[in-house]
Amino acid sequence: MLRALVEVNRATMGPERLAAKLTAYARLHRYTPTPVARQRQHPSPEPTQENRRQRHPLFPRLLFVLVAPAPPASLSASTPSA
C-alpha cells in the first residue's frame with residue numbers, strides 16, 4: 001500500500017519550481033477522469049474511477065524534504081570544527 005510520496009530537493013530547484021510541483025500534486029489529488037462514452041442500454045450510476053483510485057482509495061501523504069546547499073569547500077576548510 002502506498003502511504004507517502006517523498007519529494008527531496010537538494011537545493012537543485014528554485015522555489016518557483018517547487019511551488020509548481022506542489023500545485024501539480026494538488027491537481028492530481030482533485031483529478032477525476034472523464035468517462036469514455038460507450039454504447040450501453042443502462043448506463044452505470046456510479047462514476048468511473050481510474051486505476052490509481054481503485055488500488056489506492058486514499059491519496060498518499062506528501063513529504064517535502066528541503067536540504068540547504070552545502071557550503072563551498074573553501075569556507076568549510078577555513079571554519080574551525082568544534
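Arg3 is placed in the segment before strand 1, where strands are DSSP runs of E with at least two residues and helices are runs of H or I with at least four, both numbered from the N terminus. At 64% relative accessibility Arg3 counts as exposed, a word used for over 50% relative accessible area, while buried means under 20% and partly exposed lies in between (1.4 Å probe, protein chains only). The model is a predicted one, in which local features need pLDDT of at least 70 and side-chain atom pairs count only at pLDDT 80 or more, whereas totals for chains, interfaces and linings use all residues. Residues are numbered from 1 along each chain as its sequence is written, and side-chain values use heavy atoms, with hydrogens and water left out.

**Arg3 and its surroundings**

- Not counting residues up to four places away in sequence, Arg3 touches Pro60 and Arg61, contact being taken as heavy atoms within 4.5 Å.
- Arg3 and Leu62 are separated by 59 residues in sequence, and their C-alpha atoms lie 9.1 Å apart in space.

**The chain and the confidence in it**

- The protein chain contains three helices and two strands, and from the N terminus on these elements follow the order β-α-α-β-α.
- Of the 82 residues in the protein chain, 11% count as buried.
- Among contacts in the protein chain with a separation of 6 or more, 70% come from residues 24 or more positions apart.
- The mean pLDDT of the protein chain is 75, and 67% of its residues reach 70 or more, pLDDT being the predictor's confidence in each residue on a scale from 0 to 100.
- Among the elements of the protein chain, helix 1 has the highest mean pLDDT (89), and helix 3, covering residues 73–78, has the lowest (62).
- Where pLDDT is low, the predicted coordinates should not be read in detail.

**Helix 1**

- Helix 1 has 16 residues and spans 23 Å from its first C-alpha to its last, which is close to the 22 Å expected at 1.5 Å a residue, the expected span being 1.5 Å times one less than the number of residues.
- Leu18, Lys21 and Tyr25 are buried in helix 1.
- Viewed down the axis of helix 1, its buried residues fall within an arc of 55 degrees, so they line one face of the helix; the arc is that of the directions from the helix axis to the C-beta atoms.
- The cover over the buried residues of helix 1 includes strand 1 and strand 2.
- Glu16, Arg27 and Arg30 are exposed on the other side of helix 1.

- Glu7, a residue of strand 1, counts as buried at 10% relative accessibility.
- The side chain of Glu7 makes a polar contact of 2.9 Å with the side chain of Tyr25; such a contact is a pair of N or O atoms within 3.5 Å, where within protein one must be able to donate a hydrogen and the other to accept it, and residues adjacent in sequence count only if both atoms are side-chain atoms.
- Leaving aside neighbours within four places in sequence, Glu7 is in contact with Met13, Lys21, Tyr25, Leu63, Phe64 and Val65.
- The structure holds one aromatic pair, a term for rings of Phe, Tyr and Trp (its six-membered ring) whose centres lie within 6.5 Å, with planes under 30 degrees apart counted as stacked, over 60 as edge-to-face and the rest as tilted.
- The ring centres of Tyr25 and Phe64 are 6.2 Å apart and their planes stand at 80 degrees, so the pair is edge-to-face.
- This pair links distant parts of the chain, with Tyr25 in helix 1 (residues 15–30) and Phe64 in strand 2 (residues 61–66), 39 residues apart.
- Phe64 counts as partly exposed, at 27% relative accessibility.

**Two alanines in loops**

- Ala11 lies in the loop between strand 1 (4–9) and helix 1, and this residue has a positive phi of about 60 degrees although it is not a glycine.
- With a relative accessible area of 40%, Ala11 is partly exposed.
- Ala68 is placed in the loop between strand 2 and helix 3 and counts as exposed at 63% relative accessibility.
- Ala68 and Arg10 are 58 residues apart in sequence, and the distance between their C-alpha atoms is 6.7 Å.
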